[in-house]
Amino acid sequence: MCLGVPGRVVRWIDRDPILGRAEIEFEGICRECHMACVPDAEVDDYVIVHAGVAISRMDETAARQAQADWQAWRDSSPAADDAQAS
Amino acid sequence: MKYADEFRDRQAVAARLATLGEAATRRWTIMEVCGGQTHNLLRYGLPQAIDAQVELIHGPGCPVCVTAAATIDRAISLAQTPGCLVASFGDMLRVPGSSLSLQQARARGAAVQLVYSPLDAVALAQREPARQVVFLAVGFETTAPATALAVLQAARWGLTNFSLLVAHVRVLPAMELIAGDAACRIDGFLAAGHVCTVTGANVYEDFVSRHRLPVAVTGFEPVDLLDGLLACVRLLEARRPAVANAYVRAVSSEGNRHAQAIVEQVFEPCDRTWRGLGTVPGGGLQLRSAWSEFCAERRFGAADGEAADGDSRCPSARVLTGQMRPTQCPYFGRECTPLAPLGAPMVSDEGACSAYYRYGRVYA
């Protein structure tokens, strides 16, 4: 029910605060989505779309930082090293 | 798919499993609240892989499963009313009311339409001005912005043939009910990631400090799920009840202020009957009085009294609160299957029984 699919903003169709819409690409499939919850999203940003409405803008910086944090944590974990080697 | 494939990586999963094995000094009991998480945990075989470190308890986080039979009965009666059409999400059509589902009612001539979005129901009302279109609005905080936008769009277009039968539910009041139960044996929670995109991670701070239970905001891919479990286990091992955000690419501390404002404009919290849980204080959303012209119950009348929540044999209350595993039910996979469900948790893909039927019969 709370399925959310990440997609790329291809172009804005209408920037109305309530009826704003944009074309979003999901792996080559494009669909018109409502954008009132992510009015600051720009072309090439990734958003999470749920029930035809973009509800969140993906934070690339946070994603990279989380990946770096994990890497640092894993590097300090011998068990994870074993898993990597196997 | 960007932001998905890298979170399904086999090596990344293996590394996290190994780290979890090292991090846990005992077996912890953790509830994943969201049905989408239940579905993916079983899909990827994670409950087996982490069985030594974590006992997973599947929570009530499927809005389709917890919609009261009386609401479905009311939707069916509206769909049988001449000139009326009831629209809702696909999952919703198969949920049994007290005697029929919307799908079964449609087979008998009721006007029922599947839509992908509440805004599609508004477009339907605009295309068919001679019909009254009622949207059966279900969902958690994730879906509430879409329903609120549908109301704002219908108002902007001046539609008088669109209304809502509102069955929206809120996650946190249900978590309060579960955590406040004297029989609760849960050590920590995985919070529903897409609910949190709207509400933010901070919304759990007060809950954590009162119940002294850690909450990890968690996504849906296997790496996300393990990151959430690891975050929760690390907090438990450190004896530190706190909120951890393991889904930072999508969830901020404050959540989506635009979405919150849209929901706040249209809806207000109310008590709601959850199938299996009973009345959850503050567990639902209702239209604010300013938008009551879009309330289907005001336009067409409310349901007549209460209805039994489907087949009395179905122990859904115990399943939805984690007191019983689906495979412990005597009807699971026999009298009760996704094609012939006795109760709602077997209907939706995100219902715990349906997920076990599809992926988890090895756990029997």
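Student: What span does helix H8 (residues 144-156) of chain B reach, and what span is expected at 1.5 Å a residue?

Tutor: In this predicted model, where local features need pLDDT of at least 70 and side-chain atom pairs count only at pLDDT 80 or more, while totals for chains, interfaces and linings use all residues, residues are numbered from 1 along each chain as its sequence is written. Chains are lettered from A and ligands numbered from 1 in the order in which they are written, and side-chain values use heavy atoms, with hydrogens and water left out. A helix is a DSSP run (H or I) of at least four residues, and a strand (E) of at least two, both numbered from the N terminus. The expected span is 1.5 Å times one less than the number of residues; H8(B), with 13 residues, reaches 18 Å from its first C-alpha to its last, close to the expected 18 Å.

Student: What makes H8(B) mostly covered?

Tutor: Buried means under 20% relative accessible area, exposed over 50%, and partly exposed in between (1.4 Å probe, protein chains only). By that cut-off 11 of the 13 residues of H8(B) are buried, including Leu149(B), Val151(B) and Leu152(B).

Student: How do you know that strand E1 (residues 28-34) of chain B is joined to E2(B)?

Tutor: Two strands pair if DSSP finds at least two bridges between them, and 6 bridges join E1(B) to E2(B), which run parallel; Met31(B) has Ile57(B) as its bridge partner in E2(B).

Student: Why is one side of strand E2 (54-61) and of strand E9 (243-245) of chain B left without a neighbour in the sheet?

Tutor: The open sheet of chain B has 5 strands in the order E2-E1-E7-E8-E9, with parallel pairing. E2(B) and E9(B) stand at its edges, each with a single partner strand, so one side of each lacks a neighbour in the sheet.
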